[in-house]
Amino acid sequence: MNIAIVGASGAVGQEFLRVLDEQNFPIDNLKLFGSKRSAGRSYKFRGKDYTVIELTKDPELFRDIDIAFTSAGAGTSKEFADTITAHGALMIDNSSAFRMEADVPLVVPEVNGDDAFNTPRNIIANPNCTTIQMVVALKPVNDLSPITRVHVATYQAASGAGAAAMDELINQYAQIQRGEEPTVEKFAYQLAYNVIPQVDVFMDNGYTKEEMKMFNETRKIMHAPNMSVSAMCVRVPVVRAHSEAVWVETEKPLELNEVREAFRKAEGLVVVDDPASKSYPMPLDATGTDPVMVGRLRKDLSNERGLTFWVVADQIKKGAALNAVQIAQYILKHKK
């Protein structure tokens with residue numbers, strides 16, 4: 001296949017290269033695109049050097065492209081979508097630009113893979129990282145009994161704000177150790193030795209944009225427009241991999257054994273749940289790995305139809321690049 005990566009120099013763009021290689025994705029030709037500032041940089045892929053091309057509105061740039069993975073921000077995605085798809089390329093977009101558009105599917109392959117075949121605009125949206133890992137865990141529960149309510153508190157790593165944010169967190173610790181005033185640019189406050197109960201900007205209803213993404217995207221992905229979803233998103237001083245504490249209410253009470261077994265059988269999930277041996281998912285273990293990890297499964301003591309569990313996944317990998325590549329793999333495997 002002929003593949004393009006738009007935003008190749010960014011953290012997710014670089015992860016695309018690693019994931020495509022790890023997944024042995026079939027590539028005949030590869031093109032890397034970036035901003036004027038990134039143009040001319042060279043990256044090695046499968047033993048060959050590729051130079052970043054400046055992204056312009058010349059549709060000839062994408063004439064022979066089959067799939068374009070884009071991760072250059074919502075503004076860039078909106079501005080260049082027509083250019084990228086002009087000659088039939090499928091755009092799998094990692095930004096928030098098209099996620100809630102009615103004619104653009106929002107896809108997590110383990111949950112709603114078949115939605116990827118309904119692409120009137122030749123665009124598929126990759127969901128927000130926090131939503132992706134949660135719905136992978138929600139799916140097997142929902143298959144046992146429809147979920148009516150979800151409460152989630154997220155513990156989001158610096159990686160969610162990009163490569164510069166990860167560097168800032170590491171540098172803050174070093175600066176504090178040296179007795180210096182820490183540099184604060186990527187977050188509202190110092191993140192080192194702190195937690196910040198704000199991810200993205202606040203909306204009129206008091207929720208942040210990130211929290212509303214989880215509300216809207218979860219219902220769209222799971223085809224559950226009446227599902228109640230409420231999120232509290234928090235930035236924590238972890239470099240990479242997001243964690244989530246999830247509470248769900250189902251239509252009928254479920255037994256823990258059947259839920260645990262459903263988790264074990266679910267695609268994309270790994271159960272790490274043995275409290276006696278202090279075994280549970282942690283960001284350190286999830287970093288650099290593909291699956292969503294789930295553990296701390298318990299009955300919700302406040303609700304006879306409730307369950308609670310802990311979910312961890314690599315935000316850059318499954319939360320971004322890997323999910324996008326898996327969408328393409330799903331299409332290739334299941335296309336008629």
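Axes here are lines fitted to C-alpha atoms, for helices over the stretch in contact. Keep that in mind for the next numbers. One caution: this is a predicted model.

Helices first. Two packed helices are described by the angle between their axes and the distance between the axes. Take helix H1, residues 11-22, and helix H9, residues 317-334. Their axes come within 9 Å and cross at roughly 55°. Angles from 65 to 115 degrees would count as roughly perpendicular, and under 35 as roughly parallel. H1 and H9 are therefore oblique to each other. The crossing of H1 past H9 is right-handed.

Who touches whom? On the H1 side, the contact residues are Val12, Glu15, Phe16, Val19, Leu20 and Glu22. H9 brings Lys317, Ala320, Ala321, Leu322, Ala324 and Val325. By class, this contact of H1 with H9 has 9 nonpolar residues, 3 charged and no polar.

Now the rings. The structure has 8 aromatic pairs. One of them is Phe33 with Phe62, which is stacked, at 4.5 Å centre to centre and 25° between the planes. Phe33 sits in strand E2, while Phe62 is in the loop between strands E4 and E5. That is 29 residues apart, so the pair links distant parts of the chain. Phe33 is buried, at 0% relative accessible area. Phe62 is also at 0%, and counts as buried.

Next, Phe263 and Phe309. This pair is edge-to-face, with 5.4 Å between centres and 75° between the planes. Phe263 belongs to helix H7 and Phe309 to strand E13, 46 residues apart. Both Phe263 and Phe309 are buried.

Technical notes
Residues are numbered from 1 along each chain as its sequence is written. This is a predicted model: local features need pLDDT of at least 70, side-chain atom pairs count only at pLDDT 80 or more; totals for chains, interfaces and linings use all residues. Side-chain values use heavy atoms; hydrogens and water are left out. Axes are lines fitted to C-alpha atoms, for helices over the stretch in contact, and angles run from 0 to 180 degrees between N-to-C directions. Helices (H or I, at least four residues) and strands (E, at least two) are DSSP runs, numbered from the N terminus. Angles under 35 degrees count as roughly parallel, over 145 as roughly antiparallel, 65 to 115 as roughly perpendicular and the rest as oblique. A crossing is left-handed if the near helix is turned anticlockwise from the far one by less than a right angle, and right-handed if clockwise. Contact means heavy atoms within 4.5 Å. Ala, Val, Leu, Ile, Met, Phe, Trp, Tyr, Cys and Pro count as nonpolar, Asp, Glu, Lys and Arg as charged, and the others, Gly among them, as polar. Rings of Phe, Tyr and Trp (its six-membered ring) pair if their centres lie within 6.5 Å; planes under 30 degrees apart count as stacked, over 60 as edge-to-face and the rest as tilted. Buried means under 20% relative accessible area, exposed over 50%, partly exposed in between (1.4 Å probe, protein chains only).
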